[in-house]
Number of protein chains: 2
Amino acid sequence: MAKRIITISREFGSGGRLIGEEVAKKLGVAYYDKDVIGQIAEQSGLSPEYIQEKAELSPKKGLFAYAFSGRDITGKSVEDMVYEAQRSVIMEIAEKESCVIIGRNADFILKDRNDVINVFIHGNMPEKVQRICKLYNVTEADAVKMINDTDKRRRTNYNFYTEQKWGMAGNYTLSLNSSVLGYDMCQKIIMDCARI
Amino acid sequence: MAKRIITISREFGSGGRLIGEEVAKKLGVAYYDKDVIGQIAEQSGLSPEYIQEKAELSPKKGLFAYAFSGRDITGKSVEDMVYEAQRSVIMEIAEKESCVIIGRNADFILKDRNDVINVFIHGNMPEKVQRICKLYNVTEADAVKMINDTDKRRRTNYNFYTEQKWGMAGNYTLSLNSSVLGYDMCQKIIMDCARI
């Protein structure tokens, strides 16, 4: 397989993360999700030196204190700094190797590369609710609230940083309804496309 | 293959119609596009009797005269009547046989069936422009204008009649970028999904 970066955006409860993890395993490529990217960014981009350089704060004050101080002299919020650090990590990862990247607006961050396949996984409410109830051991009402809240945050963050609309088919190479197609078929389609 | 209705919505110039036609041929199922559905609606739904019944107009006045009279006493425009007639045709077709239906908001019209796969085909501007230049023998500037105008009409019509947003991944079972994936891969994915 030629070098391929597969980004996966997804609705909460659609199984997108799991599908991405399985695709990475089956293709034998690296897998990066929020936690891994966050850790790398923390180790490199969000070091005290980075904070000092970007925000002209004493390294001793750290991120927490900074969060209460609002914005730095350039108008950047903590969220902006975290976003920029993660953005750098994603660009380095994509330069280095074939991989699957979950979330983090990676589709937009990597839009100028031509070795990227952007996937959006969505699903039907009943199936998503059922999945969240099982995964988090919550009631149906709680699951609905979790789905709506999480997707609202993802949509807001994506629309803010990309000036595109989260969930518009045009942003992605392929979009799949995992409730109708099933997780196995979603994996198969993504792998077929990665092998083009 | 179990009975399957495949609806194809598409951006102008993305090759969606052609992809749908090929899928219908390869699966050996019926193919319905704007022209065919329009003809059937004309023969049945838009007969003088239909017009008289719906709009309480003299059949002798016909559609053209009606177009200038604005709306009937129920507030229906000619467009609404044509839409309703085509909607009935699409529902009858879907009841009858496996088929591919291009456009006509068929994804929304058939939303209560569980034997439907809704596909959205989109593409990148340079590839769409190239295709339209060749197909219609027009300049690049004219092709861009044709693409923007046609998609604007489709979007407006879809958003009006469905109260959903045209091109949102969530409306469709799968959405494919034909410029990146190629027409053959799009056909393959749709056929794989039809065989679930």
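User: Is Leu174(A) buried or exposed?

Analyst: In this predicted model, a residue counts as buried if 20 or more other C-beta atoms lie within 10 Å of its own. Leu174(A) has 25 other C-beta atoms within 10 Å and is therefore buried. Leu174(A) belongs to strand E5 of chain A, which covers residues 174–177.

User: Which residues is Leu174(A) in contact with, leaving aside its neighbours within four places in sequence?

Analyst: The contacts come from both chains: Val119(A), Ile189(A) and Cys193(A) are among them, and so are Leu174(B), Ser175(B), Leu176(B) and Asn177(B). As a separate view of the fold, the C-alpha atoms of Leu174(A) and Ile121(A) are separated by 8.7 Å, although the two residues are 53 residues apart along the chain.

User: How should I read the pairing of strands, and in which sense do E5(A) and E5(B) pair, parallel or antiparallel?

Analyst: Strands of a sheet pair through backbone hydrogen bonds, either parallel or antiparallel. Here E5(A) and E5(B) pair in the antiparallel sense over 3 bridges, and Leu174(A) stands opposite Leu176(B) in E5(B). Within chain A, by contrast, E4(A) and E5(A) pair in the parallel sense over 4 bridges, with Ser175(A) in E5(A) as the bridge partner of Phe120(A).

User: In what order do the strands of the open sheet follow one another?

Analyst: The open sheet is formed by 10 strands in the order E2(A)-E3(A)-E1(A)-E4(A)-E5(A)-E5(B)-E4(B)-E1(B)-E3(B)-E2(B), and the pairing is mixed. Strand E2 (30–32) of chain A and strand E2 (30–32) of chain B stand at the edges, each with a single partner strand, so one side of each is left without a neighbour in the sheet. From one strand to the next, the twist averages 20°.

User: How many bridges join E1(A) to E4(A), and what is the bridge partner of Ile6(A) in E4(A)?

Analyst: Strand E1 of chain A (residues 5–10) pairs with E4(A) in the parallel sense over 6 bridges, and Ile6(A) has Ile117(A) as its bridge partner in E4(A). Of the 7 residues of strand E4 (residues 116–122) of chain A, 6 are buried, so this strand is largely enclosed by the rest of the structure. In chain B, strand E1 (residues 5–10) and strand E3 (residues 99–102) run parallel and are joined by 4 bridges, with Thr7(B) opposite Ile101(B) in E3(B).

User: Which residues touch the most other members of the largest nonpolar core?

Analyst: That core has 74 residues, of which Ile6(A), Val119(A), Ile6(B) and Val119(B) touch the most other members. Not counting residues up to four places away in sequence, Ile6(A) touches Val23(A), Val100(A), Ile117(A), Val119(A), Ile190(A) and Ala194(A).

User: How are the two chains related, and through which elements does chain B touch chain A?

Analyst: Chain B can be laid on chain A by a turn of 180° and a shift of 0.0 Å along the axis, with an RMSD of 0.0 Å. The two copies are thus related as by a two-fold rotation axis. Because 100% of the interface residues of chain B are also interface residues in chain A, the copies meet through the same surface.

The contact takes 18 residues from chain B and 18 residues from chain A. On the side of chain B that touches chain A, the elements giving two or more residues are strand E4 (116–122), strand E5 (174–177), helix H9 (178–181) and helix H10 (183–194) of chain B. E5(B) gives the most to that side, with 4 residues. The residues of that side of chain B divide into 12 nonpolar, 6 polar and no charged.

How values were computed
Residues are numbered from 1 along each chain as its sequence is written. Chains are lettered from A and ligands numbered from 1 in the order in which they are written. This is a predicted model: local features need pLDDT of at least 70, side-chain atom pairs count only at pLDDT 80 or more; totals for chains, interfaces and linings use all residues. A residue is buried if 20 or more other C-beta atoms lie within 10 Å of its own, exposed if 12 or fewer, and partly exposed in between; C-beta atoms are placed from the backbone. Two residues are in contact if their C-beta atoms, placed from the backbone, lie within 7 Å. Copies are superposed by least squares on the C-alpha atoms of residues with pLDDT of at least 70 in both. Two strands pair if DSSP finds at least two bridges between them. Axes are lines fitted to C-alpha atoms, for helices over the stretch in contact, and angles run from 0 to 180 degrees between N-to-C directions. A nonpolar core is a set of buried Ala, Val, Leu, Ile, Met, Phe, Trp, Tyr and Cys residues joined through C-beta atoms within 7 Å. Ala, Val, Leu, Ile, Met, Phe, Trp, Tyr, Cys and Pro count as nonpolar, Asp, Glu, Lys and Arg as charged, and the others, Gly among them, as polar.
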